[in-house]
Amino acid sequence: MQVRVVDYRAADAAEQFTRSLHETGFGVLVNHPLPQSLVEKIYGDWLGFFNGGSKHDFAYSPETQDGYFSTEISETAKGHQQKDIKEYFHIYPWGRIPESLKADALRYYEIANELAAELLSWVERHTPADIARNYREPLSHMIKDSRLTLLRVLRYPPLTGNEPEGSLRAAPHGDINLLTILPAANEPGLQVQAKDGSWVDVPSDFGMLIINIGDMLQEASQGYYPSTQHRVVNPTGEGAKKSRVSLPLFLHPREDVVLSDRYTAHDYLEERLRELGVKK
Ligand SMILES: O=C(O)CCC(=O)C(=O)O
Ligand SMILES: [Fe+2]
């Protein structure tokens with residue numbers, strides 16, 4: 001399996017890109033409109049935040065899910081026993097954000113959200129009619145005025161050598177939401193699972209943008225767009241001494257959106273957060 005790298009400016013970009021999403025659950029864009037200088041500034045500034053002590057003043061709220069998630073309470077991927085080796089901060093425009101990091105974070109949130117909405121409209125336009133018939137409302141409508149779209153700043157600390165046997169920076173998982181957009185991280189490690197079970201590196205040259213389908217869109221599209229398992233593997237050699245920073249935006253529908261006969265977005269999210277161990 002090879003995840004397609006598509007030029008955002010190409011005339012057939014939407015077609016190529018959505019085909020990759022249909023076939024693999026993943027797509028990669030180059031020449032996209034997210035400013036790389038802003039991404040790099042956010043990586044650098046937040047690395048400073050994670051290296052400092054004030055992060056503990058922002059301990060996450062289980063109720064609202066905003067704030068800082070330490071390595072101790074970090075997610076345990078669905079079906080796994082070990083916690084991931086990561087810490088992260090959840091940014092919502094209405095949530096708590098460190099004052100000195102706020103302006104850049106909100107600017108990025110807005111630009112990334114706008115691009116994600118455009119990519120979702122590509123997905124919608126390239127859904128076969130017999131599948132699209134079952135969307136309860138247009139996909140582009142599902143995200144309008146959503147308070148739940150979430151920007152996560154992730155920091156995977158350098159490895160100490162004392163990590164529990166078998167634990168990974170991020171164990172295999174599918175994302176919960178509709179669509180995720182993720183600028184390439186500052187270090188490698190992201191892999192996607194092929195249909196034969198093998199793990200394949202996702203093209204992640206610095207500056208590329210990685211997009212993947214989440215479980216909610218898989219549910220709403222009856223599997224036409226698959227939410228593919230992915231993971232972040234542990235580095236070896238020199239790489240093990242370095243932090244890895246990444247910045248996924250998880251595009252979420254409004255919570256009253258009906259995804260399928262089985263689920264509203266609200267019920268789906270609650271169930272998944274309980275499974276991850278970050279909600280009671
Ligand atoms: O850090 C990465 O590259 C991927 C992160 C991820 O898959 C997630 O947080 O859901
Ligand atoms: Fe993920």
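1. Let's start in the middle. The largest nonpolar core has 67 residues, and the members that touch the most others in it are A116, L120, L179 and I181. Helix α3, residues 99–125, supplies the largest share of this core, with eight residues. Keep in mind that this is a predicted model. As background, nonpolar side chains in soluble globular proteins tend to be buried together.

2. I181 is worth a click. Leaving aside residues up to four places away in sequence, I181 touches A112, L115, A116 and L119, along with L209, I211 and L249. One of those partners, A116, is also among the core members with the most contacts to other members.

3. Now the overall build. The protein chain has seven helices and 13 strands. Its C-alpha atoms fill a box of roughly 50 × 40 × 35 Å along the principal axes. The radius of gyration is 18 Å, which agrees with a compact globule, because a globule of 280 residues would come out near 19 Å.

4. Take the contacts between residues at least 6 apart in sequence: 72% of them join residues at least 24 apart.

5. Last, the ligand. Ligand 1 is surrounded by R152, L154, A170, D175, L182, A185, L190, H230, V232, S246 and P248. Two elements, β5 (150–156) and β11 (230–232), each give two or more residues to this shell.

How values were computed:
Residues numbered from 1 in each chain as written. Chains lettered and ligands numbered in written order. Predicted model: local features only at pLDDT ≥ 70, side-chain atom pairs only at ≥ 80, totals over all residues. Near = placed C-beta within 6 Å. Helix = DSSP H or I, 4+ residues; strand = E, 2+ residues; numbered from the N terminus. Core = buried A, V, L, I, M, F, W, Y, C linked by C-beta atoms within 7 Å. Buried ≥ 20, exposed ≤ 12 C-beta atoms within 10 Å, placed from the backbone. Contact = placed C-beta atoms within 7 Å. Rg over C-alpha atoms; globule rule 2.2 N^0.38 Å.
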